[in-house]
Amino acid sequence: MELVVARIGRAHGIKGEVTVEVRTDEPELRLSPGAVLKTEPATVGPLTIETGRVHSGRLLLRFAGVKDRSGAESLRNTLLIAEVDPAELPEEEDEYYDHQLMDLDVVLADGTEIGRITEISHLPSQDLFIVERPDGSEVMIPFVEEIVAEIDLEEQRCVITPPPGLIDEREAIIDSTRDEDAGDEA
């Protein structure tokens, strides 16, 4: 199975290094020297990582055969793709690869069907499950411990305990006194 593990950013310096936007929880495993990665677009690769280092909080990579700034700049926005065994599991017990979570049935604790995970959006603050409901509409479920109670890969389901209003807007609790305060001033 192929997974996108990084996107190449701008060139760094004059010796062929590039910044990378890491898209894996295991960069030390996927983006280490000697790793051979496929690319998108495919015509750019495959690329072999020659060196890697962290500079000012950013990962910098240099690829075999890329020796100068112009060569590095020509790689900008290229996606790096690793080949991963589908049976491989993350090191931590409560971590999952995206492909393991895709197409899981999403249900409430009482078994009420919500839908199926069709996409996972990785945001800076948290990950979101994009869940397609049976009627074709979508709902976004934050992938946080307070809401996602259980992931059962054998049963292919995700049990959630959403707060009021997350699944059904009619259940939303309005916690604003702005209208009440405006009435007092009149």
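This is a predicted model: local features need pLDDT of at least 70, side-chain atom pairs count only at pLDDT 80 or more; totals for chains, interfaces and linings use all residues.
## The whole chain

Stepping back, the chain contains 4 helices and 12 strands. It has 186 residues, and 32% of them count as buried. The chain exposes about 11,700 Å², with carbon and sulfur atoms supplying 48% of that area. Among contacts with a separation of 6 or more, 46% are between residues 24 or more positions apart.

In soluble globular proteins, nonpolar side chains tend to be buried together. In this model, the largest nonpolar core has 21 residues, and the members that touch the most others are Ile8, Leu31, Leu61, Phe63 and Leu80. Strand 1 (2–12), strand 2 (17–22), strand 4 (47–55), strand 5 (58–63) and strand 6 (79–83) each supply at least two residues of this core. Strand 1 gives the largest share, 5 residues.

Take a closer look at isoleucine 8: beyond its neighbours within four places in sequence, its contacts include Val18, Val20, Leu47, Phe63 and Leu80. There is also a second, separate core of 16 residues, with Val106, Ile141, Val148 and Cys158 among them.

## Charged partners

The chain has 8 salt bridges. In one of them, the closest N and O atoms of glutamate 2 and lysine 38 are 2.6 Å apart. This pair links distant parts of the chain, since glutamate 2 is in strand 1 and lysine 38 is in strand 3 (residues 36–40), 36 residues apart. Glutamate 2 is partly exposed, at 44% relative accessible area, and lysine 38 is partly exposed too, at 43%.

Lysine 38 also meets glutamate 83 in a salt bridge (3.9 Å, N to O). Glutamate 83 lies in strand 6 and lysine 38 in strand 3, so this pair ties together parts that are 45 residues apart in sequence. Glutamate 83 is exposed, with a relative accessible area of 53%. Through shared partners, Glu2, Lys38 and Glu83 are joined into one network.

Key:
Residues are numbered from 1 along each chain as its sequence is written. Side-chain values use heavy atoms; hydrogens and water are left out. Buried means under 20% relative accessible area, exposed over 50%, partly exposed in between (1.4 Å probe, protein chains only). Contact means heavy atoms within 4.5 Å. Accessible areas come from the Shrake-Rupley method with a 1.4 Å probe; for residues, only the protein chains shown count as cover. A nonpolar core is a set of buried Ala, Val, Leu, Ile, Met, Phe, Trp, Tyr and Cys residues joined through side-chain atoms within 4.5 Å. A salt bridge is a side-chain nitrogen of Lys or Arg within 4 Å of a carboxyl oxygen of Asp or Glu.
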